[in-house]
Every structure is written in C-alpha cells, then in structure tokens.
Amino acid sequence: MDSTPHIAVIDDNREIRDLVGRYLQKHEYRVSLVESAASFRRLLDRSAFDLAVLDIMMPGEDGLSLCRFLRETTDLPIIMLTALAEETDRIVGLEFGADDYLSKPFNPRELLARIKAVLRRVQTLPPRREIKSAEVRFDRWLLHTGRRELTSDDGLTVPLSTAEFRLLSTFIDRVGLVLSRDQLLDLAVGRNAEPFDRSIDNRVSRLRKKIERDPKTPTLIKTHWGGGYCFNAEVRSP
C-alpha cells in the first residue's frame, strides 16, 4: 500500500488547483484536485486522504460548511485558504476545527511547510477512543452528545458551549491519558497552537466549574504539572 501522504486540494479556481497540485506532486505527495465541496463529498466515499487544503469562498457549498462537516464526521486535518479581507471567515474556520490557515495570495513553499507541520503534529497525537453512543455516562453526569448538554443524577441540566463540548469530548475520547496543552489545542480547538498559548487553561477552568463537585479541588480533570491534564473518570454507556 502506498504510504505517500494523499492531499486533497479543494478550490473552484482551476489555476490555483493546478499550481498547488504540480508543486505538491513535485515534492512527492499524491494529490487529488477537486473543484467543489459537492465533488469532494462524493470523493470521500471511495478515497482516503491524509489532509485537505480547502478554500473558503466557493460557489454552492462554501469551505466553512464543508469544514464543519469534515470535523463532525472525520479526523481529516484541514488547512483553510482565505483571502486577505476574510478575517472573520478565517476565525470562524478555526472555530469550526480547521488546523491551520493561509491567506491568498500565498507562496506554495509556505503551504508545503504548513502541510508538513500539520501532518507531523497529527502523527504524534495520542490514539482516540471515539464516542459512538449518543449518550455517555461518567461520574454523576450523563452527556447527551447530540444536544451537547449534561444531565446530573439529580436531574440538573447543564448546556455546553461548542468549545466546552469539544474539550470534554477530547477528554472522554482519551480517558486516562495525560494530554499536553499543545495536544489539547490541536485536538479540541483545532488550530496551529502558538508557543506558550495558555488559552486551554481557561477552557479547562470553565469546564471544571460545570462538571466538578468542587472546581478548586478537581477530581475529574486532574492537572499534571509540567505535563498537562488528564481525565480521571470511568466512562461508560448509560
């Protein structure tokens, strides 16, 4: 089986597709050039990919919608392509789970460097135990994955923000593993983490306030000094 990384380049601009495709093939990547989100959805059924380079502005279904679909249904790494004026779309793309972004016009050499960096990070992430049930129980909580809310044993319902749900799902998928801050940023936030980014600490703190009996003395999300965080709970089906 061919172990060469397979990259999908999804952009309605044929000139950009061909330019990127030739450059990546020159550097020994397998490349599929795709002109629309609809075409890529069909291609997903019969091909496996290692990374998608995805343009935001496309006719029909745009890149943001496709990014959200991919993040909800796959673990495929995504690099978004944005125009310089699309700052809001760039931020939304990262919130939807894109791993990195690049502004147009861009140098193919920089895109290649981003692809290598994202693939390198993905290969070092710990394995995932995927949530397959619509409901998951831990401690005194029942997590409703579809509604993204928690119900306690005494009937209290606690809604989760998108960020809180992604973080909790990441912990549940890798229960018992110590995850570094950078790994949590990659897994739960879905972006290229900056060095010394401490935003994950704030996210953990907010989640603790919702699920811990005493957030000041947490027992579910344990801190490992110098290491990161570990979800210390038995996870089971209802």
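Me: Let's start with Pro105: buried or exposed?
Reply: Pro105 has a relative accessible area of 74%, so it counts as exposed. Bear in mind that this is a predicted model.

Me: And where is Pro105 placed?
Reply: It's in the loop between β5 (100–104) and α5.

Me: What kind of peptide bond joins Lys104 and Pro105?
Reply: A cis one, with omega at about -10°.

Me: How far apart are Pro105 and Ile16?
Reply: In sequence they're 89 residues apart, while in space the C-alpha to C-alpha distance is 9.7 Å.

Me: OK, helices now. How do the axes of α1 and α5 cross?
Reply: Helix α1 covers residues 14–26 and helix α5 covers residues 108–123. Their axes come within 10 Å and cross at roughly 60°, and α1 and α5 are therefore oblique to each other. The crossing is right-handed.

Me: Which residues of α1 and α5 make the contact?
Reply: On the α1 side you have Leu19, Val20, Tyr23 and Leu24. From α5 come Pro108, Arg109, Leu111, Leu112 and Ile115. By class, that contact has eight nonpolar residues, no polar ones and one charged.

Me: What about α6 and α8, at what angle do they pack?
Reply: At about 90°, with the axes 10 Å apart. That makes α6 roughly perpendicular to α8, which is the helix at residues 199–211.

Me: Which residues meet there, in α6 and α8?
Reply: α6 brings Ala163, Glu164, Leu167, Leu168 and Phe171. Those meet Ile200, Arg203, Val204, Arg206, Leu207 and Lys210 in α8. The contact of α6 with α8 counts seven nonpolar, no polar and four charged residues.

Me: Switching to rings: how many aromatic pairs are in the whole structure?
Reply: A search finds three. One of them is Phe40 with Phe49: the ring centres are 5.2 Å apart and the planes sit at 50°, so that pair is tilted.

Me: Phe40 and Phe49, buried or exposed?
Reply: Phe40 is buried at 0% relative accessibility. Phe49 is buried too, with a relative accessible area of 13%.

Me: Why is the pair of Phe171 and Phe231 stacked?
Reply: Their planes are at 20°, and planes under 30 degrees apart count as stacked. The centres of the two rings are 6.0 Å apart.

Me: Where do Phe171 and Phe231 lie?
Reply: Phe171 lies in helix α6 (residues 162–173) and Phe231 in strand β12 (residues 228–231), so the pair ties together parts that are 60 residues apart in sequence. Both of these Phe residues are buried. Ring pairs also link them with Phe138 into a cluster.

Me: Last one, the big picture. How many helices and strands does the protein chain have?
Reply: Eight helices and 13 strands. The chain has 238 residues, and 47% of them count as buried.

Key:
Residues are numbered from 1 along each chain as its sequence is written. This is a predicted model: local features need pLDDT of at least 70, side-chain atom pairs count only at pLDDT 80 or more; totals for chains, interfaces and linings use all residues. Side-chain values use heavy atoms; hydrogens and water are left out. Axes are lines fitted to C-alpha atoms, for helices over the stretch in contact, and angles run from 0 to 180 degrees between N-to-C directions. Helices (H or I, at least four residues) and strands (E, at least two) are DSSP runs, numbered from the N terminus. Angles under 35 degrees count as roughly parallel, over 145 as roughly antiparallel, 65 to 115 as roughly perpendicular and the rest as oblique. A crossing is left-handed if the near helix is turned anticlockwise from the far one by less than a right angle, and right-handed if clockwise. Contact means heavy atoms within 4.5 Å. Ala, Val, Leu, Ile, Met, Phe, Trp, Tyr, Cys and Pro count as nonpolar, Asp, Glu, Lys and Arg as charged, and the others, Gly among them, as polar. Rings of Phe, Tyr and Trp (its six-membered ring) pair if their centres lie within 6.5 Å; planes under 30 degrees apart count as stacked, over 60 as edge-to-face and the rest as tilted. Buried means under 20% relative accessible area, exposed over 50%, partly exposed in between (1.4 Å probe, protein chains only).
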